[in-house]
Amino acid sequence: MGDLKQHSLIKAQERLRDQVGHALRAALIAGELRPGSVYSAPGLAAELGVSATPVREAMLDLAREGLVEPVRNKGFRITEVSERDLDQYTELRTMIEVPTIGRITRTATREQLEELRPIAEEIVSSAREHNLIGYLEADRRFHLSLLALAGNERLVETVGDLRKRSRLYGLTGLDEAGKLVSSAEEHLELLDLMLTGDAEAAEECMHRHLGHVRSLWAQGRDEPVGRPQGGLGSGL
């Protein structure tokens, strides 16, 4: 029985690590953690109301994704993403996703595509309700689930990694300015075009959507960033 208790403890620790990682990713995207700044695990742990250990573990996960980098005896620095980086990430995503969308349009069944409609609608409703975490999670699920219909797991992993590295900064400011809803609605437009079987129009829509997202990145970097009331603790 002792082994089972230890197993349960490990599982609980893993879940806390994942929760902390989720909160830190949300803080990065919302602009609460600033690029170039160094944060200590104890300091973040105090804000999140947890011990420093799961914070260090979560930060190491983020370091493997290229989102932060360890700074000896200080903590972790939030990596900066240049305009050139963002342009290159967008170019890669366009090269991968646009033709893949065309292929999926030709091969996916109506049932497979319709299964994604609730997620597309969730993206729109989250944007309208100013639910940033819900917006980002639904957006991730929609794009990766759609690409999964191509049957190439490595492709999905690659795009997932590019999405993490090309994160939005200052999303809170964009949300307050009402700039996310139009981008959210493009997911429904894309789905409707794919359901008609018009691969060329679907590819054009995906190309336009990625360009729209890139413009949001630029605007998000220019928006003044303030820490939302409640700090990082609201992420858990």
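These legends walk you through close-up views of a predicted model.

**View 1. Helices H6 and H7 cross one another.** Start with helix H6, residues 117–128, and helix H7, residues 132–148. Their axes come within 8 Å and cross at roughly 160°. Angles over 145 degrees count as roughly antiparallel, so H6 is roughly antiparallel to H7. The crossing in which H6 passes H7 is left-handed.

**View 2. Side by side, the residues where H6 meets H7.** On the H6 side, look for Ile-119, Ala-120, Glu-122, Ile-123, Ser-126 and Ala-127. Facing them from H7 are Gly-134, Tyr-135, Ala-138, Asp-139, Arg-141 and Phe-142. Taken together, the residues of this contact comprise seven nonpolar, two polar and three charged.

**View 3. An open sheet of three strands.** Here the strands follow the order E1-E3-E2, with antiparallel pairing. Strand E1 (38–39) and strand E2 (68–71) stand at the edges. Each has a single partner strand, so one side of each is left without a neighbour in the sheet.

View 4. Four bridges link E2 to strand E3 (residues 75–78) in the antiparallel sense.

Key:
Residues are numbered from 1 along each chain as its sequence is written. This is a predicted model: local features need pLDDT of at least 70, side-chain atom pairs count only at pLDDT 80 or more; totals for chains, interfaces and linings use all residues. Side-chain values use heavy atoms; hydrogens and water are left out. Axes are lines fitted to C-alpha atoms, for helices over the stretch in contact, and angles run from 0 to 180 degrees between N-to-C directions. Helices (H or I, at least four residues) and strands (E, at least two) are DSSP runs, numbered from the N terminus. Angles under 35 degrees count as roughly parallel, over 145 as roughly antiparallel, 65 to 115 as roughly perpendicular and the rest as oblique. A crossing is left-handed if the near helix is turned anticlockwise from the far one by less than a right angle, and right-handed if clockwise. Contact means heavy atoms within 4.5 Å. Ala, Val, Leu, Ile, Met, Phe, Trp, Tyr, Cys and Pro count as nonpolar, Asp, Glu, Lys and Arg as charged, and the others, Gly among them, as polar. Two strands pair if DSSP finds at least two bridges between them.
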